[in-house]
Amino acid sequence: MQRIGVFVCHCGSNIAATVDVKKVAEMALLEPGVVHAEDYQYMCSEAGQEKIIEAIREKNLTGVVVCSCSPRMHETTFRKAAEKAGLNPYMVEIANIREHCSWIHKDMEEATKKAVILTRAAIAKVNLNTPLKPGESRVTKRALVIGGGIAGIQTALDIADAGYEVDIVEREPSIGGRMSQLDKTFPTLDCSACILTPKMVEASAHEKINIYTYSEVEKVSGFVGDFTVDIRKKARYVDMDKCTGCGVCQEKCPSKKAPSEFNRGLNTRSAIYTPFAQAIPNVPVIDTDSCIKFKTGKCGVCSKVCQAGAIDYTQKDEIVSQKYGAIVVATGFDTIKLDNYDEYAYSQSKDVITSLELERIMNAAGPTKGHLERFSDGKAPKEMVFIQCVGSRCADDRGKPYCSKICCMYTAKHAMLIRDKYPDVNVTVFYIDVRTPGKNFDEFYRRAVEQYGVNYIKGQVGKVIPQPNGKLLVQGSDLLDNRQILKEADMVVLATAIEPNEGVRKIATMLTASIDTNNFLTEAHAKLRPVESPTAGIFLSGVCQGPKDIPETVAQAGAAAVKAIGLLAKDKLLTNPCTAQSDELLCNGCSTCANVCPYGAISYEDKEVNDHGIRETRRIAVVNSALCQGCGACTVTCPSGAMDLQGFSNRQILAEVDAICR
Amino acid sequence: MQELIKRAKELLEDGTVARVLGWKAGDLPYNPEPAYFDSTESLADFVYNGFCGANLSKYLIEASKLEGKTLVCLKPCDTYSFNQLLKEHRIDRDKAYVIGVGCKGKLDIERIRKMGIKGIEQISGAEMEDAADTLTISTIYGERSCKFADAMLERCHVCKGKEHQVYDELIGESKETKDADRFAEVARIEAMTPEEKFAFFQKELSKCIRCNACRNVCPACSCRKCVFDSNKFDSAQKANVDSFEEKMFHIIRAFHVAGRCTDCGECSRVCPQGIPLHLFNRKFIKDIDEFYGEYQAGMDVNAQSPLTDFTFGDVEPGIVGERG
Amino acid sequence: MSIEAKEEFRPKIVAFCCNWCSYAGADLAGSSRLGYPADVKIIRVPCSCRVNPMFILRAFEKGADGVIMCGCHPGDCHYSTGNYYARRRMTLLFSMLDYIGVENGRTRVEWVSAAEGVKFSTTMNEFVEKIHSLGKNVRLGDLRCRN
Amino acid sequence: MYKIAKENLTALFRLIAGAQELYLPVKTADQVNFGAWSEDAEVDLDTLKSVKSPKDAFFPQSENLYTCRKDGKKISIEPEALKEQNFVIFGMKACDVRGVEVLDKVFLADPVDTFYAARRDHGTIVSMACHEPEESCFCKVFGIDCAEPAADVATWMVADQLYWKPLTEKGEALTKIVESVLEAADNADEKSVEEEKAAIRGIVEKLPYSNLSLGGWNGEVLTEKFDSALWEELYKPCLACGTCTFVCPTCQCYDIKDYDTGHGVQRYRCWDSCMYSDFTMMAHGNNRTSQMQRFRQRFMHKLVYFPANNDGMYSCVGCGRCVEKCPAALNIVKVIKAFEKQGGEKA
């Protein structure tokens, strides 16, 4: 029989105002095994913890129930306190009488009754708890960064500077990401390439950094400290070692009709290409979908013109398998597809463009060499309309419910740059709200309005109608003046919502990292652990976690790096002891459990057992507790009940059920 | 049958197998029992007729532990169970020599009794060689007869087919006996109101005496120790004062074998109280087929069982209510 | 009518919540002060795939009037695939309970993320209301637990 | 002797049930078992054997012994009340009546099982002769005459008449209660009952198991039978289910278990089966570790141990239920025959 102590927390008045804490303690004393019960103002305080420690020592407690806030909040705190008193930390259970009780009920009698029952369930569970001991696992001192944009580059640099090996995996032929497509950056208006390129070079030159471009993560196994990742290096058909990056092949390539991904399809590129001039590595890839050699077997021009002999049509995808201790996800974002926003005529008119397309147009290396012109007729626009929140802050499922965060600022930037370069162009911005929290952000926006005369109209655009004269009729409303607005524009720019890159769901699944309904990776705690995934050893960098601008991204990238470094600096990790275990006398060796284990933690052994005098060799499931994460899928699939989960055993959960239904 | 005995003798003599697992003639016309034969002489008692309904595949769990191969006689439906046991590593393929025996449908003595036939002395028409579709039964109270099909086990009316799923050799002809829809009865119950459903199962399960015959005969219930025998769930294997546990037992048992049950029908055959236990298993099979695509346990050893598998687009549990 | 019959029916409801999403969702409902009846008592499990059908039947045996299981949204499982297995298991189990005549409304599965405090509270309110409309569970359960 | 027309039996049952509980063969979901009589119960007196024996009437499959209630840290114990209500069990066959005599030897011997004794005191047995015995019957082997069953009242169903013959005081008392629907039997009636008895005995002679020999089975042969190599062969098809024990009219083993009601514990007993792996499981383990040992126990008990302790009375009554119900077609007859055959071979 356990000797259980019950500690009821008032949480100031958070609990005590609705739950009669004295009564809870009093009722707890009637439960089997309970030898001590008390209540206190703040159990999580130093003094509160001291009370627990004291009681454990004085009354020889073998189990502790703390009736307090959610175990997600203070379970660790109380476990540590118990450990201090010499009690196994897993002999502590929490009855959540705050979030699940006092905060949601108003009637004191009812809330108290429920608190008593929740406490009873926790006591019933503790009665069946057994001391658990965490195992140990080693840490591979190498990190993987998925994504080679500014977030990934910064994280990799920070980790590498701390002295650990880092691999970057980038899907595109070059690192650089979204930032490399931008022209200028707010609020300082410095050139994006000028600040990004040195970082790209630094990363590629860093002796601790190894970059896999044109590569994707294929498979992830293992767990924190000991991941094994298969990386698919897609065939470039160009030998990385031989290529000098002279660019002749791209010049001579007869197939030049492929839309340029980098320029958002605004112009074309050759079949063999580097996405942009400063690409790192400066080694082209062959796009087999547009390559004549691959399509018809005839051509081979690039191979003929390459003096280095770097072209290799026989190249195959290659799988590299590597071990890592930590993985940082920095997969970034893309703009949403505008299929649901046909009213803005994006698909009907070439002069309706997205902001990211405008970035390319404004860029000196872009499709128009930096000249602002209409794609329909090449004419310079006179009247430009910007529409904000296209797909952002959307109440229905056409778009995204969240604010994309960066649009207000980049639109102010665009408007300002256009007014600066082309003072004759009128710029009108339709907005719902202008959001400019951030250092020097509001000043920046006000400059656009006050100094550059950008016309901001609070109101939404209902429709953009292409006119026979080539103009675009913008139908909007001015909410402040409460009037309808009809405006003829030459170009319309849509501040398109951003969303996590496609493929992030696949990566999250491989990593067993959780992801929200908008495909943003979930952080371990929204406030307190914003750069960690709930899955141990997985860290989040950049927009994959939520919309953010460059300075925020870089800050978060550094934070993720620090977390990863913190992990890599350890030689050994303690593993979660709440793992599955197979009772060898009950196990049938049927392999059903291994079928549902997401971690490959279950294997089978032929083992000699002594089943009440019957000695025989049996096929038996064995759980690798370093791999097991304790989900419990196996325990339910096991028909004989041989598989059980420590800390959440069948008997423990049944005891809770019984206690609640009593 | 003679061919089967001859072949069994040959295999015993040439040392291919160490024993034969088949049926031994009973002392009444209808009660042959599963038996091992380890010599050619002992095969004198070997019998294979219409009353050899027992599915012998489960005995192979023990036989797999013995020295040498065991020749086992499996009917087409038994081979599904054999495969399922193989898949679950409960039996050793190398320890078994499977003779797929023909089947013309197996007889249910309870059905014959229910026709009011009693004092049975002899039954003719039940041998594999008999071509007639009538059973002639001589009793103390005079001669009676009945149609073979009317005396067949329920499972034979919904037979999965004449094909053996696994065998080393085949002996004997099989006959198509299917003449009913396997899910008709399940569908009939599904269409009832909750009150009627409850009354139906309440009545059937009120007869349960927790003898565990259904479980112990079941090839899918091959656990070394059943959860109802272990103390992990505090659930008793014996009859309880309140009848709830019978319900719990049958639901959990059906759940544990869901996706693994081959629908061999042994549970219903052996129930001393004639509870149509297959209705539980078949409900799961019907649901699995409807929700996750058709699946026959024991057909493909390598197929992923529906309960250890999923698709992203699986139906939500709410479908149960929506289906109405 | 006797006095007892007029006594308000307070159902016993057991909610199994996975640690990562639904339990956190319930916490959020709490910190957002989104109320639901005290009849609901939550049991924390690591994942919805830890919920054994036996637990659900046991709850009914011991007198529960309704059992609800909450887990991460499909695709969002902390253990990546747990809720997919749970979904199949519960679909089949609930279908079986329906088949033997247990009112379908007494069992429910709801996917609630850590961010869906509102959903958690709404779901529980709805579920309790449903159980109220069904009344006391008399089809499952051991009579010995009642007196 | 009295008689009553078959068509008036409902009136008889109504009369009995008016004064006390009445249990008789009732058909539920196509199976006949002993159950409580009610106006809408489907009484079935034509089916020879109920699936379960009627021993439940005296020794129920499960029954509460006492209830512990927990109130805070206080525990109160309330023993289950003994049977106080008189009841009648109607339609027991001769073998089942002998089955009760076997149970008496166990439960009424010192120490007396009070639950059982109370039920015996309050129960009146109305037996019925076996109109058409079946091939699985072998009561004759144990000296039971199914044409002339013992009991408090014996009855015979001949054509459309039920003949009623009180044999004990309890029987007379019951007869008084139902007198109003009974008619006195005359000589012709006596004669037709005698003819029925003769007919039954004639059929019994023809039954395949009637000449089964129990030679070699008695309390003296313990070691010889126990050590026989035959068991190792005989048990093989056994599935270790409890069918044979649960349909048996004489199996008397029970287990005692506790049920957690949430607010206390109910201690109950339930039939156990020697076929079950936890049979006689004790803290140190199980003294019969193999199914062979458990299988052997059943037959040694019925044919050797029990007669050794009860003046030669076998604890098998030849009802043949196990013969009919064993999923693996094993049964006591096959065991007896196997030993006889082996004995024959030896000789």
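**Figure 1. Chain C: contacts along the sequence and overall fold.** Of the contacts in chain C between residues at least 6 apart in sequence, 83% join residues at least 24 apart. Two residues are in contact if their C-beta atoms, placed from the backbone, lie within 7 Å. This is a predicted model, in which local features need pLDDT of at least 70 and side-chain atom pairs count only at pLDDT 80 or more, while totals for chains, interfaces and linings use all residues. Residues are numbered from 1 along each chain as its sequence is written, and chains are lettered from A and ligands numbered from 1 in the order in which they are written. Chain C holds five helices and four strands. Helices (H or I, at least four residues) and strands (E, at least two) are DSSP runs, numbered from the N terminus. Their order along the sequence is α-β-α-β-α-β-α-β-α. The C-alpha trace of chain C spans about 50 × 35 × 20 Å along its principal axes. For 147 residues, a compact globule would have a radius of gyration near 15 Å, and chain C agrees, with 15 Å. That radius is taken over C-alpha atoms, and the globule rule is 2.2 Å times the number of residues to the power 0.38. Buried residues account for 74% of the 147 residues in chain C. A residue is buried if 20 or more other C-beta atoms lie within 10 Å of its own, exposed if 12 or fewer, and partly exposed in between, with C-beta atoms placed from the backbone.

**Figure 2. The contact between chain C and chain A.** Here 42 residues of chain C are in contact with 40 residues of chain A. On the chain C side, α2, β2 (40-45), α3 (53-61) and α4 (82-99) each supply at least two residues. Helix α2(C) gives the most, with six residues. By class, the chain C side has 22 nonpolar, 11 polar and nine charged residues. Ala, Val, Leu, Ile, Met, Phe, Trp, Tyr, Cys and Pro count as nonpolar, Asp, Glu, Lys and Arg as charged, and the others, Gly among them, as polar.

**Figure 3. Close-up of C:Gly30.** This glycine lies in helix α2 (residues 22-31) of chain C. C:Gly30 is buried because 25 other C-beta atoms lie within 10 Å. Leaving aside neighbours within four places in sequence, C:Gly30 is in contact with A:Arg98, A:Glu99, A:His100, A:Trp103 and A:Ile104. C:Val138 is 108 residues from C:Gly30 along the chain, and their C-alpha atoms are separated by 32 Å.

**Figure 4. The two domains of chain D.** Domain 1 covers 2-206 and domain 2 covers 222-346. Domain bounds come from an automatic or database domain assignment. Taken over C-alpha atoms, the two domain centres in chain D are separated by 25 Å. Their contact takes 31 residues from domain 1 of chain D and 28 residues from domain 2 of chain D. On the domain 1 side, β4 (62-71) and α2 (94-107) of chain D each supply at least two residues. Strand β4(D) gives the most to that side, with nine residues. By class, the domain 1 side has 15 nonpolar, seven polar and nine charged residues.

**Figure 5. Helix α5 of chain D.** Helix α5 (residues 187-206) has 20 residues and reaches 29 Å from its first C-alpha to its last, close to the 28 Å expected at 1.5 Å a residue. The expected span is 1.5 Å times one less than the number of residues. D:Val193, D:Ile200, D:Ile203 and D:Val204 are the buried residues of α5(D). They cover an arc of only 105° around the axis, so they sit on the same side of α5(D). The arc is that of the directions from the helix axis to the C-beta atoms. Exposed residues on the other side of α5(D) include D:Lys191, D:Glu194, D:Glu195 and D:Lys206. Among the elements that cover the buried residues of α5(D) are β8 (153-158) and β9 (161-166) of chain D.

**Figure 6. Helix α4 of chain D.** In α4 (residues 169-178), D:Lys170, D:Gly171, D:Leu174 and D:Val178 are buried. Their arc around the axis is only 100°, which puts them on the same side of α4(D). The face turned away from the buried side of α4(D) carries the exposed residues D:Glu169, D:Glu172 and D:Lys176. The cover over the buried residues of α4(D) includes α1 (9-19), β6 (87-92), β7 (123-128), β8 and β9 of chain D.
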